[in-house]
There are 6 protein chains.
Amino acid sequence: MPIVTIKLAKGRTVEEKRRLVKSVTEAVTSTTGVKPEWVTVLIDELDRENWATGGELHSDKFGEGHGRIGTK
Amino acid sequence: MPIVTIKLAKGRTVEEKRRLVKSVTEAVTSTTGVKPEWVTVLIDELDRENWATGGELHSDKFGEGHGRIGTK
Amino acid sequence: MPIVTIKLAKGRTVEEKRRLVKSVTEAVTSTTGVKPEWVTVLIDELDRENWATGGELHSDKFGEGHGRIGTK
Amino acid sequence: MPIVTIKLAKGRTVEEKRRLVKSVTEAVTSTTGVKPEWVTVLIDELDRENWATGGELHSDKFGEGHGRIGTK
Amino acid sequence: MPIVTIKLAKGRTVEEKRRLVKSVTEAVTSTTGVKPEWVTVLIDELDRENWATGGELHSDKFGEGHGRIGTK
Amino acid sequence: MPIVTIKLAKGRTVEEKRRLVKSVTEAVTSTTGVKPEWVTVLIDELDRENWATGGELHSDKFGEGHGRIGTK
């Protein structure tokens with residue numbers, strides 16, 4: 001019965017979401033022994049102007065690819 | 001002072017929301033003894049591509065009426 | 001597939017919780033047409049020292065029965 | 001590492017959000033001693049038709065400026 | 001910057017949590033391209049008397065191993 | 001009507017919470033113009049074994065004072 005909520009920046013394709021929920025569900029079932037059909041995953045997409053660290057909005061602070069592998 | 005959050009699939013009319021929050025508020029007050037004016041209800045609507053069970057997005061898995069009474 | 005989260009002050013008995021989740025589930029199914037087995041209800045109990053309104057902790061501000069019907 | 005989520009009615013400008021997250025981050029760091037770069041603030045904007053108190057939707061109950069200083 | 005919250009029934013060991021957060025973080029990074037150090041995972045453990053489906057508390061409805069692979 | 005939730009590591013005194021909710025409420029009212037009595041603040045305290053970044057539990061990764069001003 002686990003319920004997993006993933007908050008992340010807006011802008012993922014449906015295909016990326018498809019892989020994300022599949023992969024996270026497998027991670028949960030393989031480490032907790034819960035059956036896949038009991039795992040719920042919710043995606044909560046946020047605008048960068050609604051996300052801040054260090055007191056600064058990410059829309060002000062970062063460019064688009066921020067935080068991804070291969071970027072600074 | 002209860003705060004109730006209801007996550008559900010996008011696509012309800014304002015009239016459905018009106019009845020939902022009224023009915024849920026009555027359910028809370030009648031079973032907890034809290035006054036209605038102390039009950040907050042928040043509705044959080046999700047796209048079906050942001051909701052998954054069993055590792056599969058609901059936008060892939062289900063048709064529109066899924067889960068409603070009278071459907072399979 | 002609605003997921004309902006109810007935040008309320010700690011101190012309810014199991015019997016009160018039993019009636020609360022039954023009643024809230026009926027409120028959701030009767031107004032949305034979703035089947036009962038698709039409705040999840042989560043209770044999140046908070047200490048009064050972790051709840052504030054008007055900038056003041058409820059543990060400082062209120063007595064025990066606060067907000068219930070029949071009290072001020 | 002605090003994570004602060006602020007739910008509020010939709011309709012704030014980016015400039016208002018900028019000041020809000022700056023000010024809330026300072027409030028957290030000055031009272032907890034946590035470094036600013038460890039504080040995350042998320043803004044969750046809700047339509048007034050998704051927010052209810054006393055069993056009534058805010059879109060039915062209130063005008064636009066409701067609850068602001070200088071209004072009733 | 002993804003923030004992942006996992007709600008699950010109380011009763012996991014620290015070692016199970018260790019594997020869970022490691023595995024979920026890898027699932028997120030491998031499918032979204034976000035760097036591991038940007039992924040936060042929070043575990044929210046619930047008593048079975050605070051979790052209900054179909055209007056019934058899980059403490060009333062289920063035995064301890066419910067939902068795990070190898071059980072009904 | 002803003003509702004602010006603050007997730008942070010367990011271990012704050014009531015006096016620290018008192019100052020935190022007072023200060024955060026003032027930050028919200030001064031930047032949004034909402035009246036103090038309309039601002040709710042909830043504190044959600046997490047064990048360090050329920051909080052992870054980079055795939056590692058904070059109970060494994062950090063000592064007690066981690067992240068506070070004056071520490072590394």
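**Helix pairs and one interface, group meeting talk**

Okay, so helix 1 of chain B and helix 1 of chain C are roughly antiparallel to each other, a label for angles over 145 degrees, where under 35 counts as roughly parallel, 65 to 115 as roughly perpendicular and the rest as oblique. Before I go on, this is a predicted model, where local features need pLDDT of at least 70, side-chain atom pairs count only at pLDDT 80 or more, and totals for chains, interfaces and linings use all residues. Residues are numbered from 1 along each chain as its sequence is written, chains are lettered from A and ligands numbered from 1 in the order in which they are written, and side-chain values use heavy atoms, with hydrogens and water left out.

Back to B and C. Both helices span residues 14-32, and their axes come within 9 Å and cross at roughly 165°. The axes are lines fitted to C-alpha atoms, for helices over the stretch in contact, and angles run from 0 to 180 degrees between N-to-C directions. Helices here are DSSP runs (H or I, at least four residues), strands likewise (E, at least two), numbered from the N terminus.

Who touches whom? On the chain B side you have, among them, B:L20, B:V24 and B:A27, meeting residues of chain C including C:L20, C:V24 and C:A27. Contact is heavy atoms within 4.5 Å.

Now zoom out to the chain interface. How many residues of chain C are in contact with chain B? It's 34, against 34 residues of chain B. The area buried between them is about 3,000 Å², with carbon and sulfur atoms giving 67%; that's accessible area (1.4 Å probe) that two parts lose on being put together, summed over both. C:M1, C:T31 and C:K35 supply 21% of what chain C buries against chain B, more than any other three residues. And salt bridges between chain C and chain B? The count is zero.

Over all chains, though, the structure holds 54 salt bridges, each a side-chain nitrogen of Lys or Arg within 4 Å of a carboxyl oxygen of Asp or Glu. One of them joins B:E49 to A:K17, the closest N and O atoms being 2.8 Å apart. That pair crosses between chains, from the loop between strand 2 (40-46) and strand 3 (51-53) of chain B to helix 1 of chain A.

Next, chains A and E. Their helix 1 stretches (residues 14-32) pack at about 165°, axes 9 Å apart, so these two are roughly antiparallel. Helix 1 of chain A passes helix 1 of chain E in a right-handed crossing. The contact residues include A:R19 and A:T32, along with E:R19 and E:T32.

Last pair, D and F. Helix 1 of chain D and helix 1 of chain F (residues 14-32 in each) pack at about 165° with axes 9 Å apart, which makes them roughly antiparallel. The crossing is right-handed. D:S23 and F:S23 are among the contact residues, and the classes come out as eight nonpolar, eight polar and two charged.

Definitions and conventions: Left-handed = near helix turned anticlockwise from the far one by under 90°. Nonpolar A, V, L, I, M, F, W, Y, C, P; charged D, E, K, R; others polar.
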